[in-house]
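Dear colleague,

Please find below the structure that I am handing over to you. My notes on what was found in it follow directly after.

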Amino acid sequence: QVQLVESGGGLVQPGGSLKLTCAASGIIFQFNAMGWYRQAPGKERKLVATITMSGRTYYADSVKGRFTISRDNAKNTLFLQMNSLEPEDTAVYYCNGPGTTMTRSGTYWGKGTLVTVSS
């Protein structure tokens with residue numbers, strides 16, 4: 001049974017930082033591309049970042065230079081370091097995979113973790 005469990009969301013002030021974590025089980029994590037999506041209130045879910053099994057990364061233009069996706073294959077864990085957060089980053093963030101690419105979501109989704117950027 002595949003499980004993707006996100007954690008690390010919360011309330012942060014504009015300009016602050018958060019690090020999201022996704023613990024994966026039930027998949028051969030190290031051989032699969034993974035990604036993060038987000039869904040803001042009243043809007044569709046959108047891709048934030050992806051990472052291949054070799055570590056190649058892709059970022060949406062809106063987060064480029066501020067967010068960093070990474071992975072720890074030994075611990076089956078995916079990360080999203082978010083810096084210089086803006087109110088527009090407020091959303092539920094979802095872990096996705098395996099098989100996430102720039103143009104297509106992967107097979108499974110986590111339940112999401114809420115990030116609120118507000119003063």
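I begin with Gly15, which is exposed because its relative accessible area is 52%, and the cut-off for that word is over 50%. This glycine sits in the loop between β2 (10-12) and β3. Apart from neighbours within four places in sequence, Gly15 is in contact with Ser84 and Leu85. Its C-alpha atom is 18 Å from that of Tyr93, a residue 78 places away along the chain. Please keep in mind throughout that this is a predicted model.

**The disulfide**

A disulfide is a covalent bond between the sulfur atoms of two cysteines. The structure holds one disulfide. Cys22 and Cys95 form it, with their sulfur atoms 2.1 Å apart. The pair joins distant parts of the chain, since Cys22 belongs to strand β3 (residues 18-25) and Cys95 to strand β9, 73 residues apart. The torsion about the S-S bond of Cys22 and Cys95 is about -75 degrees, so the disulfide is left-handed. Both Cys22 and Cys95 are buried.

**Asn96**

Asn96 also has its place in strand β9, which covers residues 91-97. Is Asn96 buried or exposed? Its relative accessibility is 0%, so Asn96 counts as buried. The side chain of Asn96 has two polar partners to point out. One is the side chain of Thr100, with which it makes a polar contact of 2.6 Å. The other is the backbone nitrogen of Gly106, which lies 2.6 Å from a polar atom of the Asn96 side chain. If neighbours within four places in sequence are left aside, the residues in contact with Asn96 include Leu4, Met34, Tyr37 and Trp109.

**Val117 and Thr90**

Val117 is found in strand β11 (residues 113-117). At 4% relative accessibility, Val117 is under the 20% cut-off and therefore counts as buried. Not counting residues up to four places away in sequence, Val117 touches Val12, Gln13, Pro14, Leu85, Glu86, Pro87, Asp89 and Thr90. For Pro87, the C-alpha atom is separated from that of Val117 by 4.7 Å, although the two residues are 30 places apart along the chain.

Thr90 lies in the loop between β8 and β9. A polar atom of its side chain is 2.9 Å from the backbone nitrogen of Val117. Beyond residues up to four places away in sequence, Thr90 touches Ala40, Pro41, Val115, Thr116 and Val117.

**Backbone geometry**

Most residues other than glycine have a negative phi, and most peptide bonds are trans. Which residues have a positive phi of about 50 degrees without being a glycine? Asn76 is one of them, and Ser84 is another.

Asn76 has its place in the loop between β7 (67-72) and β8 (77-82). With a relative accessible area of 24%, Asn76 is partly exposed. Ser84 is found in the loop between β8 and β9. At 42% relative accessibility, Ser84 also counts as partly exposed.

The peptide bond from Gly97 to Pro98 is cis, with omega near -5 degrees. Pro98 belongs to the loop between β9 and β10 (108-109).

**The largest pocket**

Rolling a probe the size of a water molecule over the atoms shows where empty space is left. In the largest pocket, this space amounts to about 230 Å³. Of the 14 residues that line the largest pocket, Arg38, Ala40, Lys43, Lys46 and Glu88 are the closest to its centre. The elements that give two or more residues to this lining are β4 (34-39) and β5 (46-51). Which element gives the most to the lining? That is β5, with three residues. By type, the lining divides into six nonpolar, three polar and five charged residues.

With kind regards

Key:
Residues numbered from 1 in each chain as written. Predicted model: local features only at pLDDT ≥ 70, side-chain atom pairs only at ≥ 80, totals over all residues. Heavy atoms only, no water. Helix = DSSP H or I, 4+ residues; strand = E, 2+ residues; numbered from the N terminus. Buried < 20%, exposed > 50% of the residue type's maximum accessible area, 1.4 Å probe, protein only. Polar contact = N/O pair within 3.5 Å; in protein donor to acceptor, adjacent residues only side chain to side chain. Contact = heavy atoms within 4.5 Å. Disulfide = S-S within 2.5 Å. 1 Å grid on protein atoms, 1.4 Å probe; cavity = no way out; pocket = protein on both sides within 12 Å on 5 of 7 lines; lining within 4 Å. Points joined across faces, edges and corners; volume = space filled by probe spheres on them. Nonpolar A, V, L, I, M, F, W, Y, C, P; charged D, E, K, R; others polar.
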